[in-house]
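Look at the sequence and the structure shown here.

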Number of protein chains: 2
Amino acid sequence: MYVLVAYDVEEKRVPKVNKILKKYLTWTQNSLFEGEITEGLLKQCMAEILPKIDPAHDSLYVYRIANPKHIKKVVYGVEKDFESMFL
Amino acid sequence: MYVLVAYDVEEKRVPKVNKILKKYLTWTQNSLFEGEITEGLLKQCMAEILPKIDPAHDSLYVYRIANPKHIKKVVYGVEKDFESMFL
């Protein structure tokens, strides 16, 4: 399965959420992560993140594409990498 | 076709990029838009946006899913709307 995860959480919780997502997926840009993942690992990832966010103020969007062949990505401009973003 | 568009552009260009994307897609959160769109309208949207961004510094990610049934979205926490974000 391929997933895209976008989050909008309060600034103080951003590092925690980034740290967890980085274990399971690849950082794309800003608050967006993506990658191939199994159902089990996605569950594990969500089980780690959900207790860290405030459901009354934060939001987390998970887009699931069962077959990775069904999603095509086109990048315009520069592709940034996680390390340069958070250094 | 279903598309997700995520951008990372310099702050001064954000309002322009948002304004164009809002004409074609639905704002989801931060710098992420999504929605069903035809090939022709997506081309038109890109033709409007690309001259507004600086390809040496900005980036625009377009994820295309030919059949909207192939993508499933799950939202945790709050769903925000465009108007409240930019007021």
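## Helices on the sheet

Helix 2 (residues 39-49) of chain A lies across strand 1 and strand 4 (59-65) of chain A and also strand 5 of chain B. Helix 2 of chain A runs at about 180° to strand 4 of chain A. Helices (H or I, at least four residues) and strands (E, at least two) are DSSP runs numbered from the N terminus. Axes are lines fitted to C-alpha atoms, for helices over the stretch in contact (heavy atoms within 4.5 Å), and angles run from 0 to 180 degrees between N-to-C directions.

This is a predicted model, in which local features need pLDDT of at least 70 and side-chain atom pairs count only at pLDDT 80 or more, while totals for chains, interfaces and linings use all residues. Residues are numbered from 1 along each chain as its sequence is written, chains are lettered from A and ligands numbered from 1 in the order in which they are written, and side-chain values use heavy atoms, leaving out hydrogens and water.

Five strands form an open antiparallel sheet in the order 2(A)-3(A)-1(A)-4(A)-5(B). Strand 2 (26-29) of chain A and strand 5 (71-77) of chain B stand at the edges with a single partner strand each, so one side of each has no neighbour in the sheet. Two strands pair if DSSP finds at least two bridges between them. Strand 1 (residues 2-8) and strand 3 (residues 32-36) of chain A are joined by five bridges.
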